[in-house]
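Here is a protein chain to explore. Look at the fold first, then follow the text from the overall plan to single residues.

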Amino acid sequence: MTTPLKVLFEQVCRPVATGETAGSWYRRWRLVAVDGTVFDLPDTEANADFFGRPGSGRGQQRSAYPQVRVATLVECGTHAVFAAATGPLSVHEQHLVPGLLARLGPGMLMVTPPPHG
């Protein structure tokens with residue numbers, strides 16, 4: 001993210017639930033969770049070199065577009081995204097999560113799914 005966009009995101013994007021917002025609270029704690037996804041990027045050499053491309057079973061054995069991996073902190077109930085970290089496709093989202101933890105505030109409870117077994 002470019003610096004002005006990053007600063008704007010950090011100033012504007014925040015939890016928005018009120019005390020009455022269903023699914024946003026457990027007792028006195030605001031519920032938040034980590035969510036991960038990937039986004040297609042413009043098909044440029046620079047993006048492909050830095051972010052990478054997923055494999056494909058067809059043609060050139062690679063997808064049409066480079067992709068960026070994104071991990072976010074999301075408020076449960078409202079789905080408001082209030083923190084994001086990005087990286088190359090080769091980086092697992094679990095490695096992006098530590099960069100999000102500074103955005104956790106007092107009274108927040110981060111819920112996580114059980115580990116894959």
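Is S24 buried or exposed? S24 is buried, because its relative accessible area is 0%. Buried means under 20% relative accessible area, exposed means over 50%, and partly exposed is in between (1.4 Å probe, protein chains only). S24 sits in the loop between α1 and β1 (25-26). Leaving aside neighbours within four places in sequence, S24 is in contact with A17, W29, R30, L31, C76, G77 and T78. Contact means heavy atoms within 4.5 Å.

This is a predicted model, where local features need pLDDT of at least 70, side-chain atom pairs count only at pLDDT 80 or more, and totals for chains, interfaces and linings use all residues. Residues are numbered from 1 along each chain as its sequence is written, and side-chain values use heavy atoms, with hydrogens and water left out.

**The overall plan**

The chain has 3 helices and 5 strands. Along the sequence they follow the pattern α-β-β-α-β-β-α-β. Helices (H or I, at least four residues) and strands (E, at least two) are DSSP runs, numbered from the N terminus. The chain has 117 residues, and 30% of them are buried. Take the contacts between residues at least 6 apart in sequence: 58% of them join residues at least 24 apart. The accessible surface comes to about 8000 Å². Carbon and sulfur atoms account for 57% of that surface. Accessible areas come from the Shrake-Rupley method with a 1.4 Å probe; for residues, only the protein chains shown count as cover.

**The core**

Which residues make up the largest nonpolar core? The core has 8 residues: V32, A71, L73, F82, A83, A85, L96 and L100. β3 and β4 (81-88) each supply at least two of its residues. β4 gives the most, with 3 residues. A nonpolar core is a set of buried Ala, Val, Leu, Ile, Met, Phe, Trp, Tyr and Cys residues joined through side-chain atoms within 4.5 Å. In soluble globular proteins, nonpolar side chains tend to be buried together.

Now look at L96, one of the core residues. Beyond neighbours within four places in sequence, L96 is in contact with R69, V70, A71, A85, T86, G87 and V91.

L104 lies in the loop between α3 (93-96) and β5 (108-111). L104 counts as partly exposed because its relative accessible area is 29%. Its contacts, again leaving aside neighbours within four places, are V32, L73 and M110. The C-alpha atoms of L104 and A83 are 8.9 Å apart, and the two residues are separated by 21 residues along the chain.

A80 is in the loop between β3 and β4. A80 counts as buried, because its relative accessibility is 15%. A80 and V16 are 64 residues apart in sequence, but 7.0 Å apart in space, C-alpha to C-alpha.

**Charged pairs**

How many salt bridges are there? The count comes to 2. A salt bridge is a side-chain nitrogen of Lys or Arg within 4 Å of a carboxyl oxygen of Asp or Glu.

| Salt bridge | Closest N and O atoms |
|---|---|
| R30 and E75 | 2.4 Å |
| R53 and D43 | 2.6 Å |

R30 forms its salt bridge with E75. The pair links distant parts of the chain: R30 is in strand β2 (residues 29-40) and E75 in strand β3, 45 residues apart. R30 is buried, because its relative accessible area is 17%. E75 is buried too, with 0% relative accessibility.

R53 pairs with D43 in the other table row. R53 lies in the loop between α2 and β3, and D43 in the loop between β2 and α2, so the pair ties together parts that are 10 residues apart in sequence. D43 counts as partly exposed, at 46% relative accessibility.

**A patch on the surface**

L5, L8 and V12 form a nonpolar patch on the surface. Together they have about 280 Å² of accessible area. Patches are made of residues with over 30% relative accessible area and no salt bridge: like charges are joined within 9 Å, nonpolar side chains (Val, Leu, Ile, Met, Phe, Trp, Tyr) within 5 Å. V12 is found in helix α1 (residues 3-12). V12 counts as exposed, because its relative accessibility is 54%.
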